[in-house]
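Take the chain shown here as a whole before turning to its parts.

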Amino acid sequence: TESDARFVAELCTLIGDRSATLAGAGVVAIYKYMLDNNQVDQGQRFVVAVDGGLFEHYPRYPDRMAQTFIDLLGKKQAQ
C-alpha cells in the first residue's frame with residue numbers, strides 16, 4: 001500500500017542517516033587517535049578514502065557526514 005511504501009522510504013532514510021553518522025564518527029575517532037599519538041597536528045588536514053558508490057549516490061550522505069564532523073569537532077575544526 002501507499003502507507004507501507006512511505007514507511008519503507010522513511011526507514012531507508014533513517015538507516016542511511018545513521019550509516020553516514022557512524023561513518024563520520026569513525027573518521028573523527030581516527031583523527032582524534034592520530035592527534036593523541038602526534039601523527040597529525042591540531043587543525044592539520046588529512047585525507048580519508050570513502051567508497052565512491054555509497055558516498056556519491058546515496059542521498060545526503062556527504063552532507064550528513066559533514067554535519068557529524070561539525071557536531072563532534074566544532075564548526076571551525078571540521079573544515
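Of the contacts in the chain with a separation of 6 or more, what percentage is accounted for by residues 24 or more positions apart? With contact meaning heavy atoms within 4.5 Å, the share is 63%. This is a predicted model, in which local features need pLDDT of at least 70, side-chain atom pairs count only at pLDDT 80 or more, and totals for chains, interfaces and linings use all residues. Residues are numbered from 1 along each chain as its sequence is written, and side-chain values use heavy atoms, with hydrogens and water left out.

The chain has four helices and zero strands, in the order α-α-α-α from the N terminus. Helices (H or I, at least four residues) and strands (E, at least two) are DSSP runs, numbered from the N terminus. The radius of gyration, taken over C-alpha atoms, is 15 Å, well over the 12 Å that the globule rule gives for 79 residues, so the chain is more spread out than a compact globule. That rule is 2.2 Å times the number of residues to the power 0.38. Along the principal axes, the C-alpha atoms fill a box of roughly 55 × 25 × 20 Å.

Helix H1 covers residues 2–36 and reaches 51 Å from its first C-alpha to its last, close to the expected 51 Å; the expected span is 1.5 Å times one less than the number of residues. After H1 comes asparagine 38, with a positive phi near 55°. Over the chain, buried residues make up 19% of the 79.

Conventions. Buried < 20%, exposed > 50% of the residue type's maximum accessible area, 1.4 Å probe, protein only.
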